[in-house]
Amino acid sequence: MAGRYAPRTPTTRTTVRGGHIPVPASRQAAPAAGATRRWTPDAPTDLGLTLGPLRRGVGDPTFRTTPDGSVWRATRTPEGPGTLRVALRQGTAEAEAWGPGAQWLLDRLPQLLGADDDPAAFVPRHRLLAATHRRRPGLRLTRTGLVMEELIPSILEQKVTTDEAYRAWRLLVRKFGEPAPGPTPGSGDQHRLHIMPDPRTWSLIPSWEWHRAGVDDKRAATILRAAKVARRMEEAAAMEPEQAQQRLELIPGIGPWTSAETIQRSNGAPDAVTVGDYHLPGIVGYALAGDRTTDDAAMLELLAPYAGQRHRAARLILLSGRTPPRRAPRMTPGNIAAL
């Protein structure tokens, strides 16, 4: 978790959703002969805050930051695999892309960096939110336009610890995905980016490989059901957020928690507050009302003044670092592979 008041404890899935990752100060990178684009945002933009929610752990094989201040993403676009490198230099985004999906990624660079977002629509009504909003002027809500690459890792995160979910994502993408096109952001195979598997490959993963990755049958079956109708799932990226969530929730095993986590990223939905989370209601309740026992209904009541911007309000709360002190040990990770 980021923020001046951040506790020195390991992050959980909820605190990670605050969405900040450290991005080094930008400096000129060596040219790498990819397609390029420059775009200047109309408001302050922080790459670490804007693109941070897309990273699934420090070992995410689809995401990397480099010492020159660049963020790298390996993505499966409608045009095919693509690798994007983006850096902010003096307020201008400089991007390079490689692979069949390169032009698709460059065309949608503004949306990825929050061009569809309207930070001015958020009006703080609580001292904590006002202070955090002021300290985080570069927070923009990203919109990837890609549903499956946000949906599958969100399914993997259902009812398990962060470490378990990130480990499963890392193992499955490295083993069944494909090397990303373009240069490697670093030296050695450990720095090579990978594209997540296509829907057909997800559907062909043997049951024992899910087991080895620590994924139970219920989550694996949900991913398989989504992969079978991947085209219909991707259509949700062009829908209004409420309709998009309804489309996703037609799949058994996908509920409000998973659909919200997905469209926050794929659709840039500023009001898609996550319900059904183990930690979030208590964090919101503690931050806004001093009540760590808050449930979903009470959380939604506390966030009601931010209707239309409830997701942004929740992220600012997480970024504030004001979380209730822990009273119990962290959830013990399971080990399905050892069964």
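These legends go with a set of close-up views of one predicted model.

Residues are numbered from 1 along each chain as its sequence is written. Because the model is predicted, local features need pLDDT of at least 70 and side-chain atom pairs count only at pLDDT 80 or more, while totals for chains, interfaces and linings use all residues; side-chain values use heavy atoms, with hydrogens and water left out.

View 1. Helices (H or I, at least four residues) and strands (E, at least two) are DSSP runs, numbered from the N terminus. Of the chain's 339 residues, 52% count as buried. Buried means under 20% relative accessible area, exposed over 50%, and partly exposed in between, using a 1.4 Å probe and protein chains only. Now take contacts (heavy atoms within 4.5 Å) between residues at least 6 apart in sequence: 69% of them join residues at least 24 apart.

**View 2. Ser-70, in the loop between β2 (63–65) and β3 (71–77).** With 0% relative accessibility, Ser-70 counts as buried. Its side chain makes a polar contact with the side chain of Asp-68, at 2.9 Å. A polar contact is a pair of N or O atoms within 3.5 Å; within protein, one must be able to donate a hydrogen and the other to accept it, and residues adjacent in sequence count only if both atoms are side-chain atoms. Setting aside residues up to four places away in sequence, Ser-70 also touches Arg-64, Thr-65, Arg-85, Val-86, Ala-87 and Arg-89.

**View 3. The largest nonpolar core, made of 31 residues.** A nonpolar core is a set of buried Ala, Val, Leu, Ile, Met, Phe, Trp, Tyr and Cys residues joined through side-chain atoms within 4.5 Å. Members that touch the most others are Met-148, Leu-151, Leu-172, Trp-202, Trp-210, Val-215 and Leu-248. At least two residues each come from α6 (148–156), α7 (162–176), α10 (217–228), α11 (230–234) and α12 (241–248). The top giver is α6, with five residues. There's also a second, separate core of 21 residues, and Leu-84, Val-86, Trp-104 and Leu-109 are among them.

**View 4. Where α6 meets α7.** These two helices pack at an angle of about 130 degrees, with their axes 8 Å apart. Axes are lines fitted to C-alpha atoms, for helices over the stretch in contact, and angles run from 0 to 180 degrees between N-to-C directions. The pair is therefore oblique: angles under 35 degrees count as roughly parallel, over 145 as roughly antiparallel, 65 to 115 as roughly perpendicular and the rest as oblique. Look for Glu-149, Ile-152, Pro-153 and Leu-156 on α6, facing Ala-165, Ala-168, Trp-169 and Leu-172 on α7.

**View 5. Ser-154, in helix α6.** Ser-154 is buried, with a relative accessible area of 0%. Its side chain reaches the backbone oxygen of Glu-150 at 2.8 Å. Thr-258 sits 104 residues along the chain from Ser-154, yet their C-alpha atoms are separated by 5.8 Å. Beyond neighbours within four places in sequence, Ser-154 is in contact with Arg-56, Trp-257, Thr-258, Glu-261 and Thr-262.

**View 6. Helix α14 (residues 280–289), tucked inside.** Eight of its 10 residues are buried, so α14 is largely enclosed by the rest of the structure. Those buried residues are Leu-280, Pro-281, Gly-282, Ile-283, Val-284, Gly-285, Ala-287 and Leu-288. Just after the helix, Gly-290 takes a positive phi of about 70 degrees.
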